[in-house]
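Take a slow look at the structure below. Then let us walk through it together.

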Amino acid sequence: MKEKKIKESKEEKEEKKEKGLFARKQVPPFRFENGVAINVKDMDLFYGDFKALKKINMAMPEKKITAMIGPSGCGKSTLLKSLNRMNDLVEGCRVEGEITIGGENIYEKTADLARLRKNVGMVFQRPNPFAMSVYDNIAYGPRTFGIKKKSVLDEIVERSLRNAAMWEELKDRLGKSALGLSGGQQQRLCIARALAVEPQILLMDEPTSALDPISTGKIEELCEELRDKITIVIVTHNMQQAARISDKTAFFLLGEMVEMGDTDQVFSAPQDKRTEDYITGRFG
Amino acid sequence: MLLHKKKTEEHQETVAGADAPVCREEARRAFKLDGEKGAKAVFFIAAAFSVVAVFAIVIYLLVASIPALSEIGFFNFLFKNQWLPKFYEDGSRPASATFGILPMILSSIVVTLGAVVVGGLLGVCTAVFLVYYCPKKFKGAYTQVINLLAGIPSVVYGFFGLVVIVPMLEGMFGVTVGKGVLAAVLVLSLMIMPTIASLTKNSLEAVPNEYYEGSLALGNTKAQAIFKVCLPAAKRGILSALILGVGRAVGETMAVAMVVGNTTNNFPTGLFMPVATMTTQIVKEMGYATGLRKEALISIGFILLIFVLIINLILTLVKREKMGGNALFGRKLRTEHAEDGTQKPKSQYEFRRGGIVQEVLKYICMVLAAVVIVALVAMVAFIIVKGVPNLTADFLFTAGSSTDVTMPQLLVTTLLIIFMTLIIALPLGIAAAIYLNEYSKKGSKLVKVIRLFIDTLAGIPSIVFGLFGNIFFVAICGGRYSIIAGSLTMVLIVLPTIVRSTEESLREVADSMREGSLALGASKVRTIFKIVLPSALSGIVTSIILSIGRIVGESAALIYTAGAVIGMPDGYGSSGMTFAVAMYKLTQTGRAGDMEKAYAIAVVLLVIVVALNLLVTFLEKRIKRKTLGTTGTGTEKKHAHAKQEAEEENTEALEPLAEPAPAEGAKA
């Protein structure tokens with residue numbers, strides 16, 4: 001009897017914890033409809049007076065890899081950053097039009113940034129591991145969202161590293177500083193770190209541009225493995241990379257989206273003359 | 001009433017109803033948003049504190065000096081050449097009493113200018129030697145010594161002047177009293193030299209190497225390149241170093257008071273004329289002045305503050321690119337045209353070998369750098385040799401009495417002040433730095449203003465803080481000298497150091513770290529506390545150590561706030577002496593045995609400064625290594641790094657020979 005009572009009171013306490021004003025609210029995922037993860041509608045983006053993106057309309061399918069290609073300065077990275085509102089950090093940046101994820105406009109005033117970025121993770125051009133151990137790097141995200149229990153964290157760290165295919169390499173170095181890893185390992189660690197909060201969408205901003213060919217290959221393999229689990233949007237300078245890994249490809253030029261379609265189609269039979277010129281290497 | 005009731009009923013209904021979770025959710029969201037905003041507000045208040053402090057000091061001193069200024073008359077005060085504060089016993093004053101401070105103002109100016117000319121010359125020459133001519137082997141050690149000397153408290157310099165320079169001058173020039181203008185100039189020069197040298201060194205090192213190479217490529221000698229290209233390129237930095245030196249020299253109190261002679265109403269007409277400067281007059285009379293006399297002293301402090309604010313303003317203008325640029329250093333083009341307006345044909349130019357002046361300058365630099373280092377090292381050695389025998393067990397370990405100064409009393413007082421000051425100043429300073437670096441928009445006017453005020457706060461002389469502390473903190477802490485009043489005064493003094501040092505290390509944290517954290521959905525506050533601040537730890541630790549050094553060496557700001565009572569303090573409410581204050585006091589009593597104790601304290605101060613310096617170097621190295629991620633494999637990494645560097649050097653050396661290499665690579 002007594003034990004039961006104690007158990008009950010514990011449960012009650014936990015319940016109270018969840019219900020109180022100071023309790024952490026759950027972070028709900030986005031609900032995708034009709035297999036569309038992100039929908040961009042008539043979107044313009046300004047840096048001060050400069051219009052960096054013009055009338056972008058595109059839909060990124062769920063659990064597929066969408067690649068964005070185009071010459072430098074065409075706005076593809078800008079668009080990527082605006083998908084989880086990392087462009088908020090850029091001064092004078094303004095977005096008009098609509099970006100919806102699972103039917104919710106992420107630029108609405110009441111939008112929850114923490115929820116957005118938890119569900120839409122990001123991997124940057126240059127690896128940016130925090131100055132802490134491998135373990136703490138990966139546990140940082142889950143800790144941010146209120147997971148304190150060591151056993152749960154251990155589980156998440158192992159699973160994330162396994163998902164990023166680096167558990168075997170790193171399982172004996174979890175306590176070592178992440179800054180001691182090689183560039184390629186650091187970048188894959190950053191991917192693992194992003195996966196640790198179980199995002200639905202992963203944005204990758206030229207994730208292999210700072211890496212050697214072998215590390216690049218490993219990251220591409222990783223994308224392949226993640227293909228059925230989450231939605232990936234990747235910006236790349238490397239057209240072969242886009243052709244190799246993506247399902248959909250969008251071509252950008254001077255702030256406009258010129259063409260978007262199935263990767264095979266875009267690379268073999270582009271609709272637009274400019275796309276063809278770019279792909280065949282006539283400019284860019 | 002009814003309406004109200006209805007509303008509450010409605011409210012209850014919604015809470016109890018099906019919408020409850022939504023409602024709570026919104027409340028929570030509002031609360032969370034407020035948390036973020038609240039944090040920002042806290043950081044902002046901390047940053048604004050320095051602005052408030054500067055205003056408070058200026059306005060407080062102004063208000064406190066208005067009665068005196070109006071009674072004496074502003075121009076009588078500034079330009080009458082007699083300071084004769086006579087009073088009858090009932091407090092009224094005879095017609096012959098005057099409060100003119102012209103001699104003090106002129107003495108301050110003369111001593112300051114002399115010190116900046118001598119100290120500036122020594123400092124700049126030392127820096128040139130250090131950057132361009134010093135053998136690589138000694139460079140590190142020399143830099144360390146200069147940094148160390150910059151940290152030695154001014155009382156120690158004053159003490160050295162009192163026991164070495166003054167007797168030396170008496171011997172060399174055959175004068176009966178060596179104290180006076182020249183002695184003060186020499187002491188101040190030695191004191192400001194390390195600061196000027198280290199700032200000049202920084203700006204010389206910032207000159208792009210291309211300038212030097214470009215100059216050599218035109219056929220210049222090394223000396224020509226240095227003195228005609230590199231030095232002019234760093235002139236802005238050197239100028240601000242000199243102005244900073246002016247600020248320090250004009251505000252210096254204790255070191256000057258020990259060697260300047262302190263004879264009121266003398267004009268600085270000769271090298272050995274004993275005079276009183278504005279700062280020394282304040283520190284000499286503040287202890288017993290009352291009524292109008294005290295107000296007049298505060299007015300002197302106010303005038304001094306105005307002086308320093310003007311110097312600060314000039315410094316800001318020089319530092320600012322737009323203002324200083326060509327307006328200050330520009331030169332008009334003077335092309336010599338022949339009478340008919342065409343330029344001379346080429347054959348008329350004569351090219352001659354030059355550079356003798358620069359060669360001479362080079363040797364001057366080397367000699368002065370050697371002289372400086374010898375003088376300063378001799379100073380330290382002298383104090384240690386004379387002081388160590390005076391470190392008796394009796395002095396070091398007995399609690400002492402109300403008539404005997406002993407080490408434990410000084411140590412306890414100093415530690416109490418350090419503790420209280422840091423407890424208050426550290427959170428304040430770090431929060432201010434966070435606001436300035438993490439929340440402000442680039443180029444925001446508000447932030448510029450706050451930065452300007454923080455710099456201003458850093459430039460205010462400690463005697464002015466002492467005066468402010470005396471009329472403000474002492475008053476709110478119970479009306480008598482107390483350690484808490486001294487600590488609060490020290491908060492204002494160390495705050496700019498903490499803000500600046502922390503801000504600098506926050507700036508060094510890469511933006512990609514912040515982005516990485518934010519992209520994981522972490523809030524700004526969490527990002528700051530979990531990612532940014534830990535990476536900036538080294539800067540914060542450095543600022544703590546620098547602050548401790550400042551507190552240990554401070555005397556002018558403490559003597560009339562924490563007081564100078566002999567005896568073991570029994571808490572923050574009681575008065576007590578720190579090391580530096582005690583040292584000054586002991587040189588002034590003339591009692592047998594006191595001078596020996598001053599020697600002993602000087603040794604202790606030197607040891608503390610050296611220890612703190614070593615600690616900074618050690619911690620910085622360690623933290624750097626830690627953040628570089630080489631825990632455990634530190635030595636390996638170092639070796640690898642060194643190897644890589646060596647390889648790079650090799651390839652550089654081999655470059656002209658390695659031309660066929662790319663072709664081979666292409667084949668492969």
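**An enclosed helix**

In chain B, 23 of the 26 residues of helix α20 are buried, so the rest of the structure largely encloses this helix. The model is a predicted one. Find α20(B) at residues 483–508. From first C-alpha to last, the helix reaches 37 Å. That is close to the 38 Å expected at 1.5 Å a residue. Now follow α20(B) to B:Val494, where there is a kink of about 40°.

Next, turn to the nonpolar cores. The largest one has 178 residues. Which of its residues touch the most other members? They are B:Val187, B:Leu188, B:Met583 and B:Ala602. Helix α7 of chain B, residues 181–205, gives the most to this core, with 16 residues. Pick out B:Leu188 and look at its surroundings. Beyond its neighbours within four places in sequence, B:Leu188 is in contact with residues including B:Val111, B:Ala115 and B:Gly119. Its contacts also include B:Ala249, B:Glu252, B:Ala255 and B:Val256. Another core, of 77 residues, lies apart from the largest one. Among its members are A:Leu80, A:Leu179, A:Cys190 and A:Ile245.

How confident is the predictor? Chain B has a mean pLDDT of 81, and 82% of its residues reach 70 or more. Over residues 1–22 of chain B, however, the pLDDT is below 50. This stretch has four contacts in the model beyond near neighbours in sequence. Residues 629–668 of chain B also stay under 50. For them the model has twelve contacts beyond four places in sequence. For the complex, the predictor gives an ipTM of 0.78 and a pTM of 0.77.

Definitions and conventions: Residues are numbered from 1 along each chain as its sequence is written. Chains are lettered from A and ligands numbered from 1 in the order in which they are written. This is a predicted model: local features need pLDDT of at least 70, side-chain atom pairs count only at pLDDT 80 or more; totals for chains, interfaces and linings use all residues. pLDDT is the predictor's confidence in each residue, from 0 to 100. Two residues are in contact if their C-beta atoms, placed from the backbone, lie within 7 Å. Helices (H or I, at least four residues) and strands (E, at least two) are DSSP runs, numbered from the N terminus. The expected span of a helix is 1.5 Å times one less than its number of residues. The bend at a residue is the angle between axes fitted to the seven residues ending there and the seven starting there. A residue is buried if 20 or more other C-beta atoms lie within 10 Å of its own, exposed if 12 or fewer, and partly exposed in between; C-beta atoms are placed from the backbone. A nonpolar core is a set of buried Ala, Val, Leu, Ile, Met, Phe, Trp, Tyr and Cys residues joined through C-beta atoms within 7 Å.
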